[in-house]
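I have a few things to look up here today. Notes go down as I find them.

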Amino acid sequence: VTRRALRKRYDDLAASAGFALPAERSAGRLRTAEQQQVEILRALSRDTDLIVMDEPSASLGGPDVERLHEIIHSLARSGKTILLVSHFLREVLQLADRVTILRDGQLVRTTSASEETEDSLIQGMLGRPLGAAFPERPQVAAEAPVALSVRDVHAPGVLGVSFDLRAGEILGVAGLIGAGRTELARAIFGADRRTAGTVELAESGALGGGGPGASLRRGLAMLPESRKEQGLVFGRSVIENVSLSSLRGVSRGGVVNRRAERAAAGRVLDGWALKGDTDAPVASLSGGNQQKVLFARMLMCSPRVLIADEPTRGVDVGAKRAIYDLLVSLAGRGVGVLLISSEIEEILGLAHRVLVMRAGGVVTELGQDEMSESAILAAAFAEREVAA
């Protein structure tokens, strides 16, 4: 391999796509969104006549999504054929000439995109209308106690973040790729080491350096950004994945009681409408059903605070609504929810407040009456002024 020629080819390709990636860094050390950009660049480098894109924008933020859409339009104008698989219905209607709907592995219909709407696509995918996109947010009592207190937390990618999360509140965290949202979640949960600052849970006090296991035992659970790399054990069954964070409750003398494990996991999974064999490896499930398994594991821990990092990434509209209902239900039962999402619409539809991050810090906090797509994006692009 001629390294100089390879690097020039890469630089030209990355420049044409508008992606600013650290060229020499190992792909395994990249953020999930950056790995998605690498996948896109690799597909473009083949210069083929047909490109299949499976959820290409699932991990990307607003500006990168817009750039991807420009690339797709440019490829189509140059005569390339794009087969786009996406759960983002607005994206499908903006990009596609024709739309094919599948349900339970069978063809529903293929029509011109101009003949479809978001509602008609949802009805075709589910076989029924979905109803309102977001459930009604529960009211947060004025006297609700603070469930999670974060003070001046510093960690890799996080610079002095402070906030309070009240019991029964859904607090959104927004920002562009690289703003530090996932890094903040991992630092709070104990997955990454905090270099300064404190994290306190109501009734449990300060969380020290015990890592994720200690956080779970104290009532803090986290749904990670990537279920594949950070969430699920793909070679193990659904039941084993659900019980993985709660083995002490279904074990005696260090030996798992399989009957107790199955019963406990079954109670948590009840009502999720999981499609798949619970004894089969979780790898055999669809993305939406895998995400349900991950949520079930967190619920089995009975958390008082839940950090949900991109909870609906790569799932269909039906699974999205089930996840929205669950988050609102948890808040209604007094659980504090820290919701991290690249979908501003999701933040606006679910959160009571939103923290906007940039360059590792919080640049502003917006109340429910102040929240809008333009306000969030303006703060995300603004120069950093850490909120008090």
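Before I start on strand pairing: I call two strands paired if DSSP finds at least two bridges between them. I also keep in mind that this is a predicted model.

**Entry 1: strand β7**

I began with β7, which covers residues 170-175. How many of the residues of β7 are buried? I get 6 of the 6, so the strand is largely enclosed by the rest of the structure. I then checked the two faces. Ile170, Gly172 and Ala174 sit on one side, Leu171, Val173 and Gly175 on the other, and all are buried.

Next, the partners. β7 runs parallel to β14 (residues 336-340), and 4 bridges join them. Glycine 172 has leucine 339 as its bridge partner in β14. With β15 (residues 353-358), β7 also pairs in the parallel sense, over 5 bridges. There I noted alanine 174, whose bridge partner is valine 356.

**Entry 2: the cores**

I went for the largest nonpolar core, which has 83 residues. Which residues have the most contacts inside it? I wrote down Leu148, Phe163, Ile188, Ile307 and Leu327. Helix α12 (residues 317-332) gives the most to this core, with 8 residues. A general reminder to myself: in soluble globular proteins, nonpolar side chains tend to be buried together.

I took a closer look at leucine 327. Skipping neighbours within four places in sequence, I find leucine 327 in contact with Ile170, Phe295, Leu306, Ala308, Pro311, Val337, Leu339 and Leu350. Ile170 belongs to the β7 face I listed above, and Leu339 is the residue bridged to glycine 172.

There is also a second, separate core of 17 residues, including Ala14, Leu44, Met53 and Leu60.

The elements giving two or more residues to the patch are β1 (50-54) and β2 (81-85). Valine 52 is in β1.

**Entry 3: glutamate 261**

Last one. Glutamate 261 lies in helix α10 (residues 258-269). Is glutamate 261 buried or exposed? Its relative accessibility is 3%, and buried means under 20%, so glutamate 261 counts as buried. What does glutamate 261 touch, not counting residues up to four places away in sequence? My list reads Ile239, Glu240, Ser243, Leu247, Val250 and Val256.

Terms used:
Residues are numbered from 1 along each chain as its sequence is written. This is a predicted model: local features need pLDDT of at least 70, side-chain atom pairs count only at pLDDT 80 or more; totals for chains, interfaces and linings use all residues. Side-chain values use heavy atoms; hydrogens and water are left out. Buried means under 20% relative accessible area, exposed over 50%, partly exposed in between (1.4 Å probe, protein chains only). Contact means heavy atoms within 4.5 Å. A nonpolar core is a set of buried Ala, Val, Leu, Ile, Met, Phe, Trp, Tyr and Cys residues joined through side-chain atoms within 4.5 Å.
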